[in-house]
Amino acid sequence: MTFTGSQIGRFQIRVASHAPTTSQISLTRVYPRIITPNGDGWNDKAIFQFDNPQLLPLTGHIYDITGASVAELKAGPNPASTLEWDGKDSKGTVVPAGIYVYSVDESGTIETGTVVVAR
């Protein structure tokens, strides 16, 4: 490497790095928390946004309030950092209005929360 400058002396080039964390993936945002999957283009899908610097695979699941499996989360607008749920079950049918629980895998740590489907 060559450096040309107006100051005489010795210079060092250093690298800064982030401190290691226990989880390489972290859920940073879920929006909107209330969806209306009616096909009008407004709030039809919930987007799950992640901090995923190592581009690890993203996975997640949706359950109803009884704990029954509803659907897998799909790759979102940016597959490296987002997942989405379109308010449909695994058969492609729009789910009834209600509260649904999401579960996402953050490199072995599971994070859960809720999304509401409204009509």
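The following legends describe close-up views of a predicted model. Local features require pLDDT of at least 70 and side-chain atom pairs count only at pLDDT 80 or more, whereas totals for chains, interfaces and linings use all residues. Residues are numbered from 1 along each chain as its sequence is written, and side-chain values use heavy atoms, with hydrogens and water left out.

View A. In the order β2-β9-β8-β4-β5, 5 strands form an open sheet with mixed pairing. Strands are DSSP runs of E with at least two residues, numbered from the N terminus, and two of them pair if DSSP finds at least two bridges between them. The edge strands, β2 (34-35) and β5 (69-72), each pair on one side only.

**View B. Pairing of β4 with β5.** Strand β4 (residues 59-64) runs antiparallel to β5, with 3 bridges between them. H61 is placed opposite E72 in β5.

**View C. Aromatic pairs.** The structure contains 2 aromatic pairs (Phe, Tyr or Trp rings, the six-membered ring for Trp, with centres within 6.5 Å; planes under 30 degrees apart are stacked, over 60 edge-to-face, the rest tilted). The ring centres of F48 and Y102 lie 5.1 Å apart with planes at 70°, so this pair is edge-to-face. It links strand β3 (residues 46-51), which holds F48, to strand β8 (residues 98-106), which holds Y102, 54 residues apart. Both F48 and Y102 are buried (under 20% relative accessible area, 1.4 Å probe, protein chains only). For W85 and Y100, the centres are 5.4 Å apart and the planes at 55°, so the pair is tilted. W85 and Y100 are also buried.

How values were computed: Helix = DSSP H or I, 4+ residues; strand = E, 2+ residues; numbered from the N terminus. Buried < 20%, exposed > 50% of the residue type's maximum accessible area, 1.4 Å probe, protein only.
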